[in-house]
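Please look over the sequence and the model below, then follow the points by topic.

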Amino acid sequence: MEDGISRLSALVADGDVAVLSGAGLSTESGIPDYRGPSGQSRARTPMTYQMFTGEPDARRRYWARSHVGWRTIARASPNAGHEAVAALERAGLLTGIITQNVDGLHQAAGAHDVVELHGGLDRVICLDCGETSARETYDARMAAANPEFSAEALTINPDGDVEIDEELEAGFRVPACAACGDGLLKPDVVFFGETVPRDRVQECFARVESARLLLVLGSSLTVMSGRRFVLRAAKLGIPVAIVNRGVTRGDAYAGLRLDAPLGITLTSLARQFQS
């Protein structure tokens, strides 16, 4: 592992590094990823945009579960991996951070130049009027609308969707948009089956294209949403380095591949550049 960190340090030393992070970076904060080290999908399929917008019962079940799950994610703290990435940014080595995560832990660790590719769970957006509000405010409204609701998360996904007792989902009341009166609200995140805003994708491509190295952290690169940036880097001849537990779908494009714990590895890397 020490040899791998030395090789990674040599690649990062010249700066202009674009970081692409995935759910694996947050597992040490207690937020599981969709796939374990084996790369196999977890048991339950995440909520899709089509189901959320088209099926009132599915939307009610989602909000009941997310009401519990968001509080778990909101309590999560940045881990050593997030802190190491923030330290690399402070050292002037990064061109920016592209994260597939919606937990806000990069920013909580002190990183500033972060593009949330899939949005953030700390916001709620109205699909009718477009108003965006704080998730904390909406959480309070849901609690007021469901004073007897009490549930514990049995399992949790990175998007805040959890498993709870199905009987507790029945009758859960979902408040409408406070701005327009009856608009449909959803977390300001990109659901499965939903398209990432084009301008956001272009901003991420620009960061990759201006980088000297693309460093992938904690992503299996299973879905094209993240893998496309690896493909773009490879097409342009920009080196790719990957640190992840288990195989990824970008391994064939990586000049350096480390199958190692993110926190320990990135802490050792950042330590190389401390003044």
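Ser 219 is placed in the loop that runs between strand S9 (213–217) and helix H9 (224–236). The structure is a predicted model, and its secondary structure comes to 10 helices and 11 strands. Of the 275 residues, 51% count as buried. Among contacts between residues at least 6 apart in sequence, 71% join residues at least 24 apart.

**The annotated binding site**

- The unreviewed UniProt entry carries a "binding site" annotation that covers Gln 100, Asn 101, Val 102, Asp 103, Gly 218, Ser 219, Ser 220, Asn 244, Arg 245, Gly 246 and Leu 262.
- Ser 219 has a relative accessible area of 5% and is therefore buried, the limit for that class being under 20%.
- Beyond its neighbours within four places in sequence, Ser 219 is in contact with Gly 22, Gln 100, Asn 244 and Thr 248.
- Asn 244 belongs to the loop between strand S10 (240–243) and strand S11 (256–258), and with a relative accessible area of 6% this residue is buried.
- The side chain of Asn 244 reaches the backbone nitrogen of Ser 219 at 3.2 Å.
- When residues up to four places away in sequence are not counted, Asn 244 touches Gly 218, Ser 219, Ser 220, Arg 257, Leu 258, Asp 259, Ala 260 and Leu 262.

- The 13 residues of H9 should span 18 Å at 1.5 Å a residue, and the end C-alpha atoms of H9 are 18 Å apart, so the two values agree.
- Which residues of H9 are buried? They are Ser 225, Gly 226, Arg 227, Phe 229, Val 230 and Ala 233.
- The elements that cover these buried residues of H9 include strand S1 (17–21), helix H8 (198–209), S9 and S10.
- Just after H9, Gly 237 takes a positive phi of about 80 degrees.
- Leu 221 is placed in the loop between S9 and H9 and has a positive phi of about 55 degrees, although Leu 221 is not a glycine.
- The relative accessible area of Leu 221 is 2%, and this residue is buried.

**Aromatic rings**

- How many aromatic pairs does the count come to? The count comes to eight aromatic pairs.
- One of them joins Phe 52 and Tyr 62 edge-to-face, with 5.5 Å centre to centre and 90 degrees between the planes.
- Phe 52 lies in helix H2 (residues 49–54) and Tyr 62 in helix H3 (residues 56–74), so this pair ties together parts that are 10 residues apart in sequence.
- Both Phe 52 and Tyr 62 are buried.
- Tyr 62 and Trp 63 also form an edge-to-face pair, at 5.8 Å centre to centre and with 75 degrees between the planes.
- Relative accessible area is 1% for Tyr 62, which is buried, and 0% for Trp 63, which is buried as well.
- Ring pairs link Phe 52, Tyr 62, Trp 63, Tyr 138 and Phe 191 into a cluster.

**Charges over rings**

- The charged end of Lys 186 sits over the ring of Phe 191, 4.6 Å from the ring centre; Phe 191 is one of the residues in the cluster of ring pairs.
- Arg 232 lies over the face of Phe 205, at 3.9 Å from the ring centre.

**Thr 99 in strand S2**

- Thr 99 has its place in strand S2 (residues 94–99), where its relative accessibility of 2% counts as buried.
- The side chains of Thr 99 and Ser 21 are joined by a polar contact of 2.8 Å.
- Leaving aside neighbours within four places in sequence, the contacts of Thr 99 are Ser 21, His 106, Val 114, Val 115, Glu 116, Leu 117 and His 118.

- Asp 16 lies in the loop between helix H1 (2–12) and S1.
- Phi of Asp 16 is near 55 degrees, a positive value in a residue other than glycine.
- Is Asp 16 buried or partly exposed? With a relative accessible area of 42%, Asp 16 is partly exposed.

How values were computed. Residues numbered from 1 in each chain as written. Predicted model: local features only at pLDDT ≥ 70, side-chain atom pairs only at ≥ 80, totals over all residues. Heavy atoms only, no water. UniProt positions renumbered as here; feature names shortened; annotations may be inferred. Helix = DSSP H or I, 4+ residues; strand = E, 2+ residues; numbered from the N terminus. Buried < 20%, exposed > 50% of the residue type's maximum accessible area, 1.4 Å probe, protein only. Contact = heavy atoms within 4.5 Å. Polar contact = N/O pair within 3.5 Å; in protein donor to acceptor, adjacent residues only side chain to side chain. Phe/Tyr/Trp six-rings, centres within 6.5 Å; stacked < 30°, edge-to-face > 60°. Lys NZ or Arg CZ within 6 Å of the ring centre and 35° of its normal. Expected span 1.5 Å × (residues − 1).
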